[in-house]
Amino acid sequence: MGIVVTGVGKEIGDPPTRILSDIAFRIDDGEFVALTGRSGSGKSTLLYILSSLDRASSGLVHIDGFDVNHTKAETLSHFRNQHMGFVFQFHYLIAELTAFENVLFPARKTGAERTQSAYAEALLGRFGLGDKMQRLPRQLSGGEQQRVAIARALVMKPKYLFADEPTGSLDSVSGEQVMDIIRDCNTQLGTTVIMVTHDPDFARQARRQIHLADGKIVSAA
Ligand SMILES: Nc1ncnc2c1ncn2[C@@H]1O[C@H](COP(=O)(O)OP(=O)(O)OP(=O)(O)O)[C@@H](O)[C@H]1O
Ligand SMILES: [Mg+2]
């Protein structure tokens, strides 16, 4: 069913500033899309709207068949917990929980902690953090924290993955590692991936690039 946006605009503040205009596209199930554009072009704002974490000021957003404006908050939040993974531009790990507990956190919310615990461990292992699972976020480097946040987004094997600069604070080797895992989720589990990135090499690995400038789509090849 994918994600369909029609005529989406976003204004913020008073007096309102226009951040997005006339955004329209469709992302089919199983696609891997890169959202690109300069700093301030509206990528994060659009990603939040695509993932139902923020509302458009105008236009329609359908996620997996739900019309976001006409779906109960409870229904959407249940769907998000079960089927969506998020990697935010700033990782927002829970300071009091270990790396392992942070990764398992989405499973805790849905009562799937036991079934996903081995997978959480496997993900941390693949990210090179097998020996750091019991550390608190402040005992990890920025790049390690970012990998924990990505493992957390993947732990539920989500149908949709929304990632905002997932390789932003990583060196090239860890960045490649993260891209490999995201690509595997896409090809092996069929996860639909929407990824914001500044890195042209990573953007090219996506099957499609949607390029924004000043809040408008300039190309969607
Ligand atoms: N809450 C807000 N209030 C006012 N302006 C905002 C708000 N959030 C974002 N903006 C503005 O909207 C524009 C788009 O912001 P957004 O965060 O979507 O950009 P971005 O493409 O993700 O940039 P970056 O690559 O730097 O992360 C920017 O000009 C930003 O200053
Ligand atoms: Mg951003």
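Which residue in β9 does threonine 36 stand opposite? The residue is histidine 211. This report sets out where that pair sits and what surrounds it.

## Overall form

The model is predicted. The secondary structure of its chain comes to seven helices and 10 strands. Along the principal axes, the C-alpha trace spans about 50 × 40 × 35 Å. A compact globule of 221 residues would have a radius of gyration near 17 Å, and the chain agrees with this because its own value is 17 Å.

Of the 221 residues, 39% count as buried. Taking contacts between residues at least 6 apart in sequence, 70% join residues that are at least 24 apart.

## The six-stranded sheet

Six strands form an open sheet in the order β6-β7-β8-β3-β9-β10, and the pairing is mixed. The edges are held by β6 (84–87) and β10 (216–219); each has a single partner strand, so one side of each is left without a neighbour in the sheet. On average, neighbouring strands of this sheet are turned by 20° against each other, direction ignored.

Within the sheet, β3 (residues 32–37) and β9 (residues 208–213) run parallel and are joined by five bridges. Strands of a sheet pair through backbone hydrogen bonds, in either a parallel or an antiparallel way.

## Helices across the sheet

Helix α5 (residues 142–154) lies across β6 and β7 (160–164), and runs at about 170° to β6. Helix α6 (residues 172–188) lies across β3, β7 and β8 (192–196), with an angle of about 150° to β8.

Strand β1 (residues 3–12) runs antiparallel to β2, and seven bridges join the two. Isoleucine 3 has isoleucine 27 in β2 as its bridge partner. The two strands form a hairpin with four residues between them, and glycine 13 in the turn has a positive phi of about 90°.

Strand β1 is also joined by five bridges to β4 (residues 58–63), again in an antiparallel arrangement. Here valine 4 stands opposite histidine 62 in β4.

## Around ligand 1

Which elements each supply at least two residues of the shell around ligand 1? They are β2 (17–27) and α1 (43–50). Helix α1 gives the largest share of this shell, three residues.

The shell has 13 residues, of which Ser39, Gly40, Lys43, Ser44 and Thr45 come nearest to the ligand. By class, two residues of the shell are nonpolar, 10 are polar and one is charged.

## Tyrosine 92

Tyrosine 92 is found in the loop between β6 and α3 (99–109). Is this residue buried, exposed or partly exposed? Tyrosine 92 counts as partly exposed because 14 C-beta neighbours lie inside 10 Å. The C-alpha atoms of tyrosine 92 and asparagine 102 are separated by 9.9 Å, and the two residues are 10 residues apart along the chain.

Definitions and conventions. Residues numbered from 1 in each chain as written. Chains lettered and ligands numbered in written order. Predicted model: local features only at pLDDT ≥ 70, side-chain atom pairs only at ≥ 80, totals over all residues. Near = placed C-beta within 6 Å. Nonpolar A, V, L, I, M, F, W, Y, C, P; charged D, E, K, R; others polar. Rg over C-alpha atoms; globule rule 2.2 N^0.38 Å. Buried ≥ 20, exposed ≤ 12 C-beta atoms within 10 Å, placed from the backbone. Contact = placed C-beta atoms within 7 Å. Pairing = 2+ DSSP bridges. Axes fitted to C-alpha atoms, helices over the stretch in contact; angles between N-to-C directions.
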